[in-house]
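Okay, thanks for coming, everyone. Let me put the structure up and then walk you through a few spots in it.

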Amino acid sequence: MDGGKGGLRACATVLYFCRHAIFCGAPAGKLRPGVSRVKIRQAGGSSQTGAESARRALPEAALPAASRAGIAALSVPAWILAIGTAALVIWIRLLPLSVGDLDDVAASLISLRYARMIASSLPPNTPVAQGRAEVHHKLDRWREEHRAGYDAQIRQVAAVLKSQLSYRGEDGVERIILGDIDSYHWLRMARNYLQTGTTCDAVVGGQCRDTYANAPVGRRNIYNRSLHIAAIIAVDRTITRFKPHYPLPAASFLVPVIAGALAVFPAFAIGARLAGPLGGLCAALLISVNPLFLERSLGSDDDVWNIVLPLFMVWAALEALGASRRSAQIAFAALAGLFVALHAVTWSGWSFNYAVVLAGMMATVALELVGWLASARSGRSWEPSNLQRAALVTAVFYVAGGLFAAAFGVRGYFSAPLSMIKPLIFASHSSAAAPDNAFWPDTFATVAELVPQNLRSIAATMGGAVFFGASWLGLAMLVAPRGGPKLAVLALITGGEYLYWLRLSTAPPGRLGVLLLLGLPLLAAVLIDTLAKRDLSRELGAVMIILAWFFAALFIAWDARRLVMLMIPPFAIAFGVALGRLQQWADAAIRRLLPAAARIARPVLFAVLAAVLIGPVWQGYKRARSYVPHMNAAWWDTLTFLRQQSPPNAIVNTWWDYGYWVKFVARRRVNNDGGSLRTHIPYWTARALDAPSGRESAGLLRMLDCASDATPEPEGKQGAYGKLLAYDMDEIKAQQMVSALARMGRRQAQAYLAEQGLDASAQNDILRSTHCDPPPSYLLLSTAMEPMPAWRFLANWDFERAYVVRRARLMPRKLAMADLVSRFGLSGEQARSLLNRSDSVTSAPAERNFIEPGFSKLRSGLWRCDRAGAALTCNLSARIDPATVVRQVIFNPANPDATRMTAIHEQPGQRPSWIQLAPALLLIADYDGIREVSNPNAKNSHLAVLIDLPRSLVRLATPDYLRSTYNNLMYLDGRYTPFFEKVRQEIGFRGERVTLWRINWQRLEALDQ
């Protein structure tokens, strides 16, 4: 009984708290104490007694607190609710420090290992479905029969996995490794400042330089004054006062935790202003625990500020537009301008949110002006202070932002509003417009975070179609009267939601269709309301800013997954308006119809509606709990070795994902990092990895390590490609010449340049960028690169087709054919065929499909073989197309032409059939070298087999992939190329192999001579 009474007392306490947290001040429709309805009639000259009548008649001071300044009006229970939300966000953001779910990862690794063993032991003629069932059955039986040993293995492997994700700092404490990629760039800038007093590696001509990037030419550091760097420094200095040896990466991890918690308060204030504490709770939680937001900020990247700073900016703008005193209007507008400047030094895309707020303010001024003109014609009274306030706030915001931006060294502030027109026409990350990039692949198109989106994927990121649809409902409620929806508003809401579900459940429309379907009715409602009853007069600025924010973010979200994150705040606020206004309307109806039940109904209604947030919070919890660092001990140890064993002037060649890690941990220059994506460097690096010979790979890397190819950056003029352009070679010719030079020795290269009409001075100038005496250089690779399609996409880019579709087809047909014949050595029929096919290209996706290389993604792992004398029998399970799985390879060194593969072919609705396949290419890696056996009669020209005789291993892939330098180094241990010497290999998380190779320039130079 005592327990039951305690539970009842607890429930009563919760309900009491919820009752007081329902509204930030007086409930909608309820008068403040001391204000009688008689006074309302006297002030307004009307006999109306409803909430809207009181609202229009009362002065600013008598309005419900929820409609006045957001944070200033929050009650104590609402503050407690906001602080509790911030505490929840902090707890979720700290979850990655414990690296959860490693037991599940360990179990999957153990099961995978045993499943492969079981699969290889099955008869090769076992059908795929039967074999899969047999593997599952035997694996389940093995787990049951060896439960104790299986559980022990899980604990052991999980401990190993955790050790691979941990490091011990100078303070002796073991911590989880900071796991993001870009976060190591900010770490290095912060370390630079702590050690030297500047984030710059060097200052040249007043320009802050990153001398470790795009080696050896470096580049301008555009984020040297980022707020993110300042925050890392501030947190580190604060902690090290009490813990002197606290690691900088650990301090950096806390920055997004703190910033994410701070974001709760402006989000809560905005939501509470528009829809009460429930609206504030929804806005704060849906923003802070959104899985995409967590994904992009848990690793201490700077993306957290792209949510936090706009929230503070919008909050300050709304405070300014809602303030009654002129001093408060000016102060809050200037504060909003300060947040603009802080964002401008933190992210190059700062102008988006700035333009949204400015557009919302200007729209408010325009509507107030329209209302004034309408009142002059109709004879209605008009409050001029609304127009004056909107104009003053807009002017102060614009000027203050410019002054703060100038003080922070931001350029182009006053031209930013006009420049915002460009993203409405061109893709936000397109680089194809640059003249010297016209035919080059867009590296940004290979980045996962920049993959274009559609309405369904955007809705999924916001929590699903139901949640996203509710936010659209919130927009309709935002333009509706606070006292309750009228018939026209209900029709608008119902029709809009019907259109939403209709379009989302069928073929999702494009961005323009969505914006028109959703935006035009809402804007019409605002305009009609402005001309008629002025229900929005005191909230018009807030409404216009939120509407502008939502629609602008929805528009650009189509461009890239990363940009979908900008949609999170306006979505969450709109969803909060939907739930908060619904609660307010329902509460008013209950008080009117059942006054006696109002006291208990209000907290119950609040709790029921707030329960909707359990799902999003759970999703955010799971995302944070499952977070696994990208960096691991294999990388850390390899890079530490590199720092200790390599000379300070060494250059590390690696894929761009790992460049920032190298710069921070190894403290060495790199040819490639996340800031190199606009340049040609990723393309040449990919070509080096995919090249069929070590000679060509070493030659391409030497070209990069001599002078790089940072085109279209200013430093690109120092590279061979940039120099060839300066000597009047066109883009295609220059690319072809650089590719050819990389395969040649110095004497041959000089003769080749002479054949191209270049004089001795030009020859020597170009050779200094291709055949110099490079500094000590290394190549750093990982098996995690293999499933990445980006580098193979770039390496196989078809410049010929790019030229056809982007230039030749625009020329007269006869001239175009002659140009293709002379430029690429095509026959007349080949040129005609290419031009004819290019005629069907009518869109950007079709253009990419036309140019995009059609390489196969076929590749298997390494499978062990059994020896029977000299012959090898290899049982495996490698899918080579959707319907075919190779189960056995039989190879006899005495007769390699007779190599055959047994495969099972299964089509839906048909019985499986067994087929014999012959590889188009057989690569035999023996003790004395590697040789090829081709089969021109093979039916599948993309199927090749690698036989590693010394280790009795087999691998299936495409011919070009098996020939590549990457495959030679990572799967044949570099045995067949003399230009790369392995110096270290580490095994990391989930079996990732990280290998470090020293490039032997002496052997390359000897070959040149």
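This is a predicted model: local features need pLDDT of at least 70, side-chain atom pairs count only at pLDDT 80 or more; totals for chains, interfaces and linings use all residues.

Residues are numbered from 1 along each chain as its sequence is written, and side-chain values use heavy atoms, with hydrogens and water left out.

So, the overall picture. The protein has 42 helices and 20 strands; those are DSSP runs numbered from the N terminus, H or I of at least four residues for helices and E of at least two for strands. Of the 1009 residues, 56% are buried. The accessible surface is about 42200 Å², and carbon and sulfur atoms hold 59% of that; areas come from the Shrake-Rupley method with a 1.4 Å probe, and for residues only the protein chains shown count as cover. Now contacts, meaning heavy atoms within 4.5 Å: among those with a separation of 6 or more, 69% are between residues 24 or more positions apart.

Which residues make the nonpolar surface patch of about 220 Å²? They are I90, L94 and L97. A patch takes residues with over 30% relative accessible area and no salt bridge, joining like charges within 9 Å and nonpolar side chains (Val, Leu, Ile, Met, Phe, Trp, Tyr) within 5 Å. A salt bridge here is a side-chain nitrogen of Lys or Arg within 4 Å of a carboxyl oxygen of Asp or Glu. L97 sits in the loop between α4 (76-94) and α5 (102-121), and L97 counts as partly exposed because its relative accessibility is 44%.

Next, a pair of helices. The axes of α30 (residues 694-707) and α42 (residues 1001-1008) come within 11 Å and cross at roughly 105 degrees. Axes are lines fitted to C-alpha atoms, for helices over the stretch in contact, with angles from 0 to 180 degrees between N-to-C directions. So α30 is roughly perpendicular to α42; the cut-offs are under 35 degrees for roughly parallel, over 145 for roughly antiparallel, 65 to 115 for roughly perpendicular, and oblique for the rest. On the α30 side the contact uses R695, A698, G699, L701, R702 and D705, and on the α42 side W1001, L1004, L1007 and D1008.

Stay with the loop between α30 and α31, where S708 is placed. S708 isn't a glycine, yet its phi is positive, about 60 degrees, and S708 is buried, at 0% relative accessible area. P712 is in the loop between α30 and α31 (720-726) as well, and the peptide bond from T711 to P712 is cis, with omega near 10 degrees.

Is S300 buried or exposed? Buried, since its relative accessibility is 0%. S300 is in the loop between α12 (291-295) and α13 (305-322), and its phi is positive too, about 75 degrees.

Last stop is S952, in the loop between β17 (944-948) and β18 (953-957). S952 counts as buried because its relative accessibility is 11%. Beyond neighbours within four places in sequence, S952 touches W863, R864, C865, R867 and L872.

Conventions. Buried means under 20% relative accessible area, exposed over 50%, partly exposed in between (1.4 Å probe, protein chains only).
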